[in-house]
Amino acid sequence: MTSRTTAEWQAADARHFLHPFTDFKDLAKKGSRIIKKAENIYLWDSEGHKILDAMSGLWCVNMGYGQQPLIDAAAQQMKELPFYNAFFQTSTTPAIELAEVLAEVAPPHFQHVFFTSSGSEGNDTVVRMVRRYWDVLGQPNRQVIIGRINGYHGSTMAGASLGGMSGMHAQGGLPIPDITHIDQPHWYELGGSQSRDEFGITAARWLEDKILAVGPDRVAAFIGEPVQGAGGVIVPPATYWPEIQRICDKYGILLVSDEVICGFGRTGNWFGCETMGSKPDLMTFAKGVTSGYIPLGGVMVGERIAKVLIEQGGEFNHGFTYSGHPTACAVALANIRLMREQDVVRKVREELGPHLAQRFAELAKHPLVGEVQTCGMMGAVQLVKDKATRKAFDSALEVGMVCRTHCFNNGLIMRAVGDRMIVAPPLVMTVAQIDEMADLIQKVLDLTLAELNQRGWL
Ligand SMILES: *Cc1c(COP(=O)(O)O)cnc(C)c1O
């Protein structure tokens, strides 16, 4: 690795590296922040600033940075067998073992897994698998998959189509055919005068309305994140997922839970569907399965689908060079072993999640904060102009970005989704570190309030 100044790194970055979800010209002007190293829950940039990473990288470094067992697992596997494929009737031992372990930690009706290298590829696999399932069953008209506005399912053609991000649909002719969307269970924005629980039922019934509009015999599946992540950590009312489940069952429609963020302990159970009370037929996973140390994703396939594909399906014409990549699988195995040894999922459910919830409840008293939501180790703070009326700021003011700049300047990485500030910190945080993070958020909110007053925006 060459040694260069920050400015030199930034210049080279701007010359050659096109970043994801980035206005290239704008970033070239500002210069990117260069992250040089990390340990536990902290990052250091090229100027030596220490930063608390309250986003776990990108929702993935669940076990924190610098975990030696994961590093050793990768090194050892690379020495022994860095790569071999799973095509042509071959297999590798890390992939077999990981499949076995995933079947142990997933709800019992999941006994099979299809590996990919990312969440997006996982959701592409979901589309192919769902449509194949109905084909094999002699119902080829069942093609339509229903997703949600403001849902996020990745950035490939199918992933972006399943997701409901208007900015993504505006580029590249998306969504692809036979994917349609219903609105999100976002009580604060859409709930009006209904209680949260009433609104949960209302929002779930939008699925039934859509099924009836499309035609029940044309609908193949519904896909949703247990808690919407990239959409702003939107925790649905407790009534929502059970009602979604009831509707899917009523029409025989497959239910897909995108567990890319919620899987692997984030919500206080191994999978978010367990926290939210649904029993999906497919679960997409990625991110936390390896704590982000190496790319790996996949789809857990429930018995209903596995049985049909295995017994009646013949050859499934789908797969990737890196499906079941032995080094990636070895890291995932080490990661899950570590999670079990440290009893992380229970800690999130019984200790860390409740403490985060308590600290966020205090943040709700802040004059800028309209609502807070948490679920396990994820949380959102909604900034509003007027608490009493839930009145939002003019979106052109980009108040969330004002707050995010204060975060950066105060050694905290928090993400802004519009005016909703979100965290998904590592699951290995201590209670004291949750306090440290919450104190920083409090400080950043005060600084944001002061700046908004100064600008006359309140
Ligand atoms: C990140 C994410 C994806 C996409 O995963 P990639 O690995 O970036 O392709 C899919 N679904 C959800 C819920 C995600 O958060």
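The model is predicted, so to speak of local features we need pLDDT of at least 70, and side-chain atom pairs count only at pLDDT 80 or more, while totals for chains, interfaces and linings use all residues. Residues are numbered from 1 along each chain as its sequence is written, and side-chain values use heavy atoms, with hydrogens and water left out.

- The chain divides into domain 1 (33-66 + 343-455) and domain 2 (69-341), with bounds taken from an automatic or database domain assignment.
- Each side brings 37 residues to the contact, where contact means heavy atoms within 4.5 Å.
- The C-alpha centres of the two domains are 26 Å apart.
- Interface size is often given as the accessible area lost when the parts come together.
- For domain 1 and domain 2 the buried area is about 2,800 Å², with 58% of it from carbon and sulfur atoms; this is the accessible area (1.4 Å probe) that the two parts lose on being put together, summed over both.
- There are 20 residue pairs in polar contact between the domains, both residues at pLDDT 80 or more. A polar contact is a pair of N or O atoms within 3.5 Å; within protein, one must be able to donate a hydrogen and the other to accept it, and residues adjacent in sequence count only if both atoms are side-chain atoms.
- On the domain 1 side, the elements giving two or more residues include α15 (344-363), β11 (369-374) and β12 (379-383). Helices (H or I, at least four residues) and strands (E, at least two) are DSSP runs, numbered from the N terminus.

**Salt bridges**

- The whole structure holds 18 salt bridges, each a side-chain nitrogen of Lys or Arg within 4 Å of a carboxyl oxygen of Asp or Glu.
- One salt bridge crosses the interface of domain 1 and domain 2.
- Glu371 and Arg196 form a salt bridge, with their closest N and O atoms 2.9 Å apart.
- Glu243 meets Arg205 in another, at 2.7 Å from N to O. Glu243 sits in helix α11 (residues 240-251) and Arg205 in helix α10 (residues 196-214), 38 residues apart.

**A four-stranded sheet**

- An open, mixed sheet runs in the order β1-β2-β3-β13; two strands pair if DSSP finds at least two bridges between them.
- β1 and β13 (412-413) are at the edges with a single partner strand each, so one side of each has no neighbour in the sheet.
- β1 (residues 35-39) and β2 (residues 42-45) are antiparallel, joined by four bridges, and Ala38 stands opposite Leu43. Two residues lie between these strands in their hairpin, where Asn40 has a positive phi near 55°.
- β2 also pairs antiparallel with β3 (residues 50-53), over three bridges, and Trp44 partners Lys50. This hairpin has four residues between its strands, and Gly48 in the turn has a positive phi of about 85°.
- β3 and β13 are parallel, with two bridges; Leu52 partners Leu412.

- Most residues other than glycine have a negative phi, and most peptide bonds are trans.
- Phe88 has a positive phi of about 50°, in the loop between α4 (68-80) and α5 (93-105).
- Leu174 and Pro175 are joined by a cis peptide bond, omega about -5°; Pro175 is in the loop between α8 (166-169) and β6 (179-182).
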